[in-house]
Structures are given as C-alpha cells and as structure tokens.
Amino acid sequence: MKLKTALLGAACAMAFAPAAFAERGADGNVNVLYWQAPSTLNPYLSSGTKDVETASLILEGLAGFNEKGEVVARLAESVPTVENGGVAADLTSITWKLQPGLLWSDGTPVTSADAKFTWEYCTHPEGGCAQAARYEGVTAIETPDDLTIVIKFSAPKPNPYTAFVGGTSPILQAAQFANCLGAAASTCTEQNFGPIGTGPFVVTEFKTNDTVSLAANPNYRDPAKPAFATMTVKGGGDAEAAARAVMETGEFDYAWNTQINPELQAAMAGGGKGVFLNGFGTLVERIEMNMTDPSADLPEGERSTTKHPHPILTDIRVRTALSMAIDRQILVDVGYGNAGRPTCNLVPAPEMFASDNTGCLTQDIEGAKALLDEAGWVVGADGIREKDGKKLKLLYQTSTNPVRQDFQALIKGWWNEIGVEVELKNIDASVFFGGDAGSPDTFQKFYADVEMYANNFDGTDPEPYLAQYMCDKIPGPDNQWQGENINRFCDPAYDALVKEMSATAEMGKRAELAKKMNDMLTKDSMVVVPLVDRGRLSAASTTLGGVVLNTWDTELWNAQDWFRIK
Amino acid sequence: MLTYTLRRLLLAIPTLLLISLVIFLLVDLAPGSPASEIPLTVPPEVREKILESLGVNQPIFVRYLLWLKQFFWVEPLNGIDWLFGTNYAEGMQRIISYQTRSPVFPLIGERLPQTLTVIGTAYLVGVLIALPIGIYSAYRQYSLFDQFGTMFAMIGFSVPTFFTGTVFIIVFGVWLGWFPTKYDTTLEVTDWDSFVKQLRQMAMPVMVLGLANAAAISRYMRSSMLENMRQDYVRTARAKGMSERTVVLKHVLRNSMIPVVTIIALGIPSIFGGAIITENLFGVNGIGAALIGAIRGNDLPMVQTLAFIFAILIVTFNLIADVLYGLLDPRIRYD
C-alpha cells in the first residue's frame with residue numbers, strides 16, 4: 001500500500017511535470033486545511049508546528065531540509081561545508097553567501113544585515129524567543145558585505161546547520177521588525193500577523209486561529225513560481241473532519257496531520273478524491289523506565305530522586321522481560337495504521353543514524369517469563385510474581401489520549417500474562433507536559449514506575465537529543481524538576497560518548513557514536529523501551545500535484561512547486 | 001421603574017467584581033500550564049524564558065489586579081482610540097493572549113461577526129419554528145400534531161449537536177454534496193452569488209442549532225399556552241362570542257408570551273457565547289471555537305476575558321428580561 005502510494009505519487013509527478021513550467025499564478029486558488037489553526041505567523045513567537053509551517057510559506061531561511069533530511073540551499077547560493085571551505089576547518093564558524101539580487105516581497109533587497117538582525121531578535125533576553133535553541137552557541141554574526149554572513153560559534157560545532165536553516169529559523173526583515181525587539185515583541189501585532197518575507201506567498205489577510213489568505217509573491221526569485229495565484233489556509237475542527245474534507249468531499253486540496261484511526265483511514269482512502277501521504281521522522285512513542293524509587297512512603301523531595309534506586313526496575317532482567325512481552329505490531333495496527341511502524345530504536349532516523357536494532361520486534365512471552373524466573377521473581381498464589389515478600393507491581397502512567405489508553409490496556413494485558421500486576425493512570429496532557437514543579441503529575445517528576453509518551457528531535461542531528469540522557473540532566477528538586485533525563489539514567493561511559501560526539505565532525509564517526517548511544521539506552525539496558533515510530537499522515541487531493549511530504553522540515557516546504565493537475 | 005433599574009445597575013457592579021475574581025481564580029488555579037503547549041524539543045532554558053516573557057511567573061494577585069486594570073481601563077481606552085483615532089492608551093500594556101502574543105480584544109472582535117450571523121440566525125430560526133409549534137400543540141392538545149411536536153422536541157433535546165452535526169455533514173455534505181462542510185469566514189456578501197454561497201454555508205450549522213433551540217422554546221410556549229387556556233378570562237371571552245382566532249391569538253397568546261419572552265431574552269447571551277461544539281464541527285471559528293481553543297491551549301488571559309464578557313452579558317440580559325417583564329405585564333411594577 002505504502003509503496004503503491006509512493007509509486008502513484010511519483011508517476012503523477014512525472015506525467016504532469018510539464019505543467020510545473022506554467023507561469024506564475026496560472027492555477028488559481030489552492031485550499032489547505034490546518035485543523036489546528038495558525039495563531040501567529042511569526043515562528044519566533046510560537047513553537048507550535050501549525051504556526052511554524054504556515055509561516056514557512058512566507059518566511060525562509062538560508063537553507064532547509066529536503067525529504068531525505070539533506071540540507072538544501074534556499075536563500076543561500078550553496079550549502080557551505082568543510083570541503084568547499086564554507087565551514088572553518090576548526091568548526092568554529094560557517095560562512096553563508098546570499099544569492100545576489102534577492103528581494104523581499106515589498107521590493108527591497110535582502111541583505112546580510114537582515115540575518116544579523118534576526119539573530120539579535122531571537123537572542124534578546126526579554127523576547128522569550130521560541131526558537132532560541134537554533135542559535136545556541138552562536139557568539140557573533142559578522143557581515144563583511146551585503147551578501148556574506150559569517151556565523152561564529154563559541155566552541156567547535158560539528159553540526160553548524162542550525163541558525164537560519166529550516167522552517168524554525170527563517171530570516172526576518174530588519175526594517176519591519178526593528179521596533180519589535182525584546183519585550184516589545186508582543187506589541188508588534190501587525191508585523192507578527194503579516195511578516196514580509198521571501199517565500200512563494202505573501203499574506204493578504206490573517207484571521208487568528210482561523211484563516212490565512214495568501215497570494216503569490218510578486219518578487220519571488222523564480223519568475224515561473226508559484227503556480228497558484230492564491231492560497232487559503234483554513235483552521236478549525238479535528239483530524240477526522242479534515243481528512244473528510246479532502247478525501248470525501250474534495251473541498252480542500254491538502255490537509256495537515258490527518259491522524260485518524262486505521263479503520264477510518266481505510267474507509268476514506270476508498271473515496272477516490274484524495275490520497276493519504278505518510279512519512280517517517282524521529283517521533284517515537286516509548287515507555288520510559290524509572291531508575292529511581294517513586295514510592296509514596298519516601299519523604300517529598302526524595303521520591304524519584306537518585307537517592308533511592310528503584311527496588312524492582314534496577315534489575316535489567318525485569319526491564320528486558322517487560323519489553324519482550326510487548327507485541328509492537330499489534331500496537332501499530334490498533335493505534336496508527338499506515339502512520340506508524342514498530343521500532344526498537346530511540347533514534348529511528350535519519351537512516352545513517354539508525355541502529356540495526358530489531359531484536360524487540362518479536363514478542364516472546366515465554367522468554368519474558370523465564371527471565372523473570374531467573375531474576376528470582378516467582379509466581380505467587382494469586383498469579384502475581386513476588387520476591388522477598390514484595391509483589392511485582394508497577395504503576396504505569398501516560399497522558400489522556402484515546403490511543404495511549406488503548407496502548408495501556410494492551411500492554412497491561414501482556415504484562416499480566418507474565419505475572420506483573422499493573423496499575424494504570426492517565427493524566428491530562430496539560431498537566432502531564434505542563435512542567436509545573438508544584439504538581440506531582442508531571443512527566444518530569446515521574447511519580448510512577450513506568451510512563452509512556454512520545455518525543456523527537458528538531459532537524460536531522462540527534463546530538464542534543466542523545467545528550468539529554470547525561471547524568472547532570474536528571475530532574476530533581478534542586479533544579480525545579482526541569483531536567484530532560486526522565487529515566488534518571490546515569491552512566492559515565494555514556495557521558496563520555498556524548499562528549500566525544502560533540503567534538504567529532506566526521507559524519508560517519510558521528511553516526512557510529514549515535515548508534516552506540518542509542519543501543520546503550522535501548523537494547524543494552526532497556527531503560528528506554530521504544531514502541532512505535534510515529535510518522536506524519538497528511539491528505540492531498542488527487543488534483544494537487546507536486547506535493548512531497550517532508551518530515552525534516554515544514555510540510556509546506558515546497559509549496560512553490562505545487563500545481564493543479566488538469 | 002427607573003429607580004428600580006438604577007438600583008439593579010448599581011448592584012451589578014459588586015456582583016460582576018465578585019464574578020471576575022471567581023473566574024480569575026478558577027481559571028488560574030485549575031491544573032495545567034501554558035508550558036504544556038511548548039513541544040518537548042524546546043530545551044528547558046528556552047522554555048523558562050518563554051514563560052517569563054508571558055508573565056506567567058508573577059504572583060496571582062498581581063496578575064489579577066493588572067488584569068482588572070487592563071479590562072476596565074486600558075481596553076476601553078483602546079476602544080476609544082480605535083473609534084476616534086486618539087491615542088490615550090499609547091504605551092499601556094493590553095491583555096495579551098498567550099497563544100498569539102497579541103491583544104485579546106481585537107481577536108474577539110474578529111470572531112464576533114460570524115458568531116452573531118450563524119448563532120443569531122439559528123436562534124431566530126429556532127424561535128420562529130418553536131412559537132407556532134408551541135401554540136398549535138397547546139390549542140390541539142393530544143392531537144397528532146401535538147404528538148409530532150413532542151417527538152420533535154424530544155429529538156432536539158436528547159440528541160447532542162455533535163451527533164446531529166456529523167449526521168448532517170455525512171448526509172448533506174458527503175452523500176448529497178449540497179452544502180460545504182467547512183464555513184468560509186473570508187467570504188464577503190457583495191452580490192447575489194456570494195449571498196447564495198453564504199446561505200449554503202450557513203445552512204447546516206443553522207439547522208443543527210435551530211433544532212436544538214426550537215426544542216426547548218416550543219415546550220415552554222406549549223405549557224404556558226395550556227395554562228392560560230384554562231383560565232376564566234378565556235371562557236368569558238368565548239362566552240362573549242369572540243372568534244376562536246381572537247381568543248387564542250389575542251388573549252391567550254399575549255398572556256402566555258410573558259414567561260416565554262423572559263426565556264428568549266435570557267437565551268440571548270448564549271448567542272454571543274457561540275456554540276463551542278457546532279462552531280468547531282463546521283469550522284465557523286467564532287467565539288465558541290476561540291474559547292475552546294484557548295482552553296485547550298491553556299491561554300489563560302483569553303479564557304478569563306471571554307468568560308468575564310459572558311458574565312457581563314448574562315447579568316445585563318437578566319436585567320433586560322426583568323424590565324421587559326414589567327412592561328409586558330402591567331400588574332408587575334417594581335416601584
């Protein structure tokens with residue numbers, strides 16, 4: 001099915017390629033549905049995908065990522081590398097060259113000063129910039145001439161493609177945002193809702209959380225693009241209604257994130273008015289094991305801290321048995337259909353970083369039982385295993401969400417089968433992910449034995465993501481529970497690998513290190529138990545050509561190449 | 001009557017202040033945090049900075065007083081500036097939505113037109129259907145028509161709008177293809193064609209809401225009519241030889257309208273409040289959709305402001321209903 005869809009898409013693209021050479025604006029209007037409507041068009045003020053992606057129609061960076069995760073030039077002439085001299089040999093700076101003759105949609109020239117301004121805008125201490133991580137480690141930006149941008153880093157940066165690369169860090173027009181620095185950012189409603197950009201479209205009307213009306217940018221660098229004269233991005237409703245509007249009624253040409261249950265996917269695909277597109281990025285639904293004791297008997301401030309190791313889960317055999325009991329394919333079939341696939345990896349992609357770890361894919365209930373027997377947990381009279389008078393009982397928490405509750409029920413069944421008693425708990429997402437240090441129910445506090453959620457990393461470089469599992473990033477009362485090392489995993493050998501990776505530039509070597517770290521967290525220790533690699537699922541009308549689903553950048557990354565199939 | 005109205009108006013001030021405090025505390029102390037809207041890919045230091053810039057970390061009473069000042073002073077001044085082109089409010093901090101990082105009031109203003117058109121029409125349609133059904137059902141109690149009216153009301157009451165809405169979408173949108181399933185808020189009515197387009201896109205949400213509204217009002221109308229039909233003055237009127245038409249439509253109806261008018265007036269604030277489910281379902285994106293979006297996104301200033309505006313409307317329309325009551329029924333005077 002997946003292959004068929006891909007082939008069909010490719011065939012369509014081939015057959016109608018000549019149409020792409022049509023003149024700008026020849027194909028009329030295109031209707032896009034983002035059921036979570038965009039709230040602002042300034043991606044520096046919102047980290048929401050819906051906002052970043054819609055803004056990417058208007059604002060662009062020097063480069064972006066293509067569907068394979070490779071860096072491709074957008075406003076830049078070419079992508080600087082160590083080989084072509086664009087990146088300094090010691091990895092402490094990168095030099096970008098703007099394409100000559102670039103114009104903003106208002107007709108003024110794009111210069112290196114705009115890039116420098118954007119960096120100042122986002123790193124202003126009072127601005128609350130949502131994408132500040134993209135500029136981490138940047139100490140200065142030099143602009144020797146109008147077209148040259150030199151970014152200096154505080155330390156060697158093996159992955160210099162963060163600032164101004166991808167939809168999350170586009171270049172703003174300095175002239176437009178000059179008065180919007182710092183605390184003034186939220187007073188600039190007009191600018192935030194109607195940024196001047198270099199992308200294929202310009203905003204004609206913005207209705208917050210409702211509709212964005214766009215028109216082709218008259219100064220877009222390719223005179224033949226975009227093929228559509230106008231675009232409407234509508235919001236509201238839910239994923240199911242969005243899928244229906246493309247697949248069944250044909251009112252919309254493209255709908256973002258139409259994540260619906262597998263039966264509905266199949267039923268709607270039969271409508272013939274559209275196709276579902278799916279692609280896989282780095283989002284992994286996983287079970288995290290708590291390596292510390294969450295017992296309520298411990299005094300507050302010591303629960304789930306490194307002072308008390310977990311009485312059951314510190315034994316690797318128990319963790320392994322829990323993972324072996326899970327049938328990941330059933331989870332995918334129940335929850336995600338085409339938009340998911342089983343995985344044993346924390347870093348499932350890009351391909352070069354993904355370990356060949358498939359050991360967990362087959363369920364092995366008997367093996368799990370044997371392993372628990374070996375660990376000294378014997379089945380008691382009530383069918384629950386016990387050891388030294390202590391029952392093998394786990395509290396399993398996650399956020400409130402129908403798919404997660406299905407997963408909980410299924411996994412509880414399998415764990416009961418191997419003699420583990422499971423108590424389920426689900427917490428409202430706004431509390432679970434809210435990070436409130438005063439609440440006992442946040443995922444960082446982890447007052448449970450195991451918990452389930454999904455996480456991913458921005459862009460294609462897993463280094464910062466893997467660095468989250470270092471010993472000094474363990475959440476605890478001393479850092480207001482703000483660490484990212486949720487499992488409280490701590491291994492000096494792992495920390496050493498993180499350090500090594502941060503000083504390694506050679507891609508092959510980096511990939512090797514990433515795989516090694518991934519394996520240390522998953523198959524070697526089972527501290528993180530990956531379940532499902534969750535893809536993106538969007539719907540496109542059969543009359544819309546040129547759509548390529550990209551999971552490494554914004555989904556609307558190539559809207560300039562979209563055209564109407566006639 | 002005037003003193004009564006004035007007294008009620010003055011009394012409304014402490015009531016509203018109390019309501020504002022309760023709303024603010026309820027929304028604020030409810031579990032959940034705007035931080036949950038920030039993806040996990042954002043590192044903790046950046047997260048902390050974002051929250052700081054939103055002003056989330058200030059003590060609650062500081063935020064309450066600031067919000068009061070903004071609601072009753074800064075925002076009205078901004079309204080004056082907007083109306084008369086003055087700039088009294090320059091440099092004052094307005095109520096800022098967490099989600100959009102822009103002032104709350106223009107967002108509400110943007111939402112109001114579609115809510116008023118769609119929900120208002122639905123209310124009007126509901127009332128226009130309900131009154132005749134109620135009147136005739138009561139006049140011919142236990143007739144086939146009355147049974148049918150009762151069934152209609154039962155369906156309207158008991159079937160939730162998310163269900164009728166979805167059924168309508170599948171039948172009229174997907175199978176028959178008569179109406180669009182998504183409301184286009186950018187459509188401007190300029191000529192006949194765009195007017196027809198507007199009617200078509202309003203049809204489904206108006207039908208869904210109209211059905212629900214009509215159900216309740218027709219029941220009130222029917223029971224009020226029934227009560228009056230048995231009164232002595234009706235028998236007197238008939239004994240005087242008046243036509244049935246005059247008896248029912250002039251004497252009985254007028255008296256029966258008193259409680260119904262109150263009910264209708266009390267329902268008007270809900271027009272401004274929008275219809276959370278129906279608006280979302282059809283993509284009308286009015287006030288109701290804004291409220292649910294703000295709740296989901298933990299956009300506290302937006303929720304607090306909207307809830308308080310609803311409170312003001314409800315207090316106002318209660319007052320209007322009471323005054324109307326006095327006007328309709330000469331026996332009731334408040335002085």
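Visitor: Which residues in H9(A) meet Val403(A), Asp406(A), Phe407(A) and Leu410(A) in H11(A)?

Guide: This is a predicted model, in which local features need pLDDT of at least 70 and side-chain atom pairs count only at pLDDT 80 or more, while totals for chains, interfaces and linings use all residues. Residues are numbered from 1 along each chain as its sequence is written, and chains are lettered from A and ligands numbered from 1 in the order in which they are written. Helices (H or I, at least four residues) and strands (E, at least two) are DSSP runs numbered from the N terminus, and residues are in contact if their C-beta atoms, placed from the backbone, lie within 7 Å. On the H9(A) side, the residues that meet those four of H11(A) are Ile330(A), Leu331(A), Val334(A) and Gly335(A).

Visitor: At what angle do helix H9 and helix H11 of chain A pack?

Guide: H9 covers residues 328-335 of chain A and H11 covers residues 402-417, and their axes lie 10 Å apart. Axes are lines fitted to C-alpha atoms, for helices over the stretch in contact, and angles run from 0 to 180 degrees between N-to-C directions. H9(A) and H11(A) are therefore roughly antiparallel (an angle over 145 degrees), the angle being about 150 degrees.

Visitor: How do H1(B) and H13(B) run, roughly parallel or roughly antiparallel?

Guide: Helix H1 (residues 2-29) and helix H13 (residues 300-328) of chain B pack at about 155 degrees, with axes 10 Å apart. That angle makes the direction of H1(B) relative to H13(B) roughly antiparallel.

Visitor: How many nonpolar residues does the contact of H1(B) with H13(B) have?

Guide: Among the residues making this contact are Leu16(B) and Phe24(B) of H1(B), and Phe308(B) and Leu319(B) of H13(B). Ala, Val, Leu, Ile, Met, Phe, Trp, Tyr, Cys and Pro count as nonpolar, Asp, Glu, Lys and Arg as charged, and the others, Gly among them, as polar. Beside four polar and two charged residues, the contact has a nonpolar count of 15.

Visitor: Which strands stand at the edges of the open sheet in chain A?

Guide: The sheet has three strands in the order S4-S6-S5 with antiparallel pairing, where strands pair if DSSP finds at least two bridges between them. An edge strand has a single partner strand, so one side of it is left without a neighbour in the sheet. The strands placed in this way are S4 (93-97) and S5 (138-142) of chain A.

Visitor: Which residue is the bridge partner of Val138(A) in S6(A)?

Guide: A hairpin joins S5(A) to S6(A) through five residues, and four bridges join S5(A) to S6 (residues 148-153), the two running antiparallel. In S6(A), the bridge partner of Val138(A) is Phe153(A).

Visitor: Which helix gives the most to the side of chain B that touches chain A?

Guide: Across the two chains, 42 residues of chain B are in contact with 48 residues of chain A. Several helices of chain B each supply at least two residues of that side, including H4 (104-139) and H6 (161-175). With seven residues, the helix that gives the most is H2(B).

Visitor: What pLDDT does chain B average?

Guide: The pLDDT is the predictor's confidence in each residue, from 0 to 100. In chain B, 99% of the residues score at least 70, and the average is 87.

Definitions and conventions:
Parallel < 35°, antiparallel > 145°, perpendicular 65-115°, else oblique.
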